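Hi,

Here is the structure I promised to send over. Have a look at it first, and then read my notes below.

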Amino acid sequence: MGLAIEVGGFGDEDFLVEQLGQANQVLRELGLPEHVEAMDSADPELSRAEMDSFPYSFLHHLRRLYARCVASPEWKPTPTPDDEDPG
């Protein structure tokens, strides 16, 4: 099984709308605010992202970034050193 983290592309919008509908149903049941996706504002031709997909191994970097931002909101992100395991 794999995971690809993507930005700036919707591909199959019908599938996305269906999946967001299911996610929003769960959020409503939990008393949480719904997610609103800005689907019409994202123009793939105008994307500023240099990459639009990331391998599963990059998920550890994202987790590390999130954890540090939550633990220390004043912390400024820096790249993980090449010799350090982000996990």
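Let's start with a question: does Glu34 count as buried, partly exposed or exposed? Glu34 counts as partly exposed, because its relative accessibility is 40%. The cut-offs are under 20% relative accessible area for buried and over 50% for exposed, with partly exposed in between (1.4 Å probe, protein chains only).

Before you go further, please keep in mind that this is a predicted model, where local features need pLDDT of at least 70, side-chain atom pairs count only at pLDDT 80 or more, and totals for chains, interfaces and linings use all residues. Residues are numbered from 1 along each chain as its sequence is written, and side-chain values use heavy atoms, with hydrogens and water left out.

Now the overall picture. The protein chain has 2 helices and 2 strands, and along the sequence they follow the pattern β-α-β-α. Both kinds of element are DSSP runs numbered from the N terminus: helices are H or I with at least four residues, strands are E with at least two. Of the 87 residues in the chain, 8% are buried.

Next, helix H1, which covers residues 13-29. (The expected span is 1.5 Å times one less than the number of residues.) After H1 comes Gly31, with a positive phi near 75°.

Asn24 sits in H1 and is buried, with a relative accessible area of 8%. Leaving aside residues up to four places away in sequence, Asn24 touches Glu34 and His35; a contact here means heavy atoms within 4.5 Å.

How many salt bridges does a search of the whole structure find? It finds 2, where a salt bridge is a side-chain nitrogen of Lys or Arg within 4 Å of a carboxyl oxygen of Asp or Glu. One of them joins Glu34 to Arg28, with the closest N and O atoms 2.5 Å apart. Arg28 is partly exposed, also at 40% relative accessibility.

Another salt bridge is between Glu84 and Arg64, at 2.6 Å from N to O. This pair links distant parts of the chain, 20 residues apart: Arg64 is in helix H2 (59-71), and Glu84 is in the segment after that helix. Glu84 is partly exposed at 34%, whereas Arg64 is buried at 18%.
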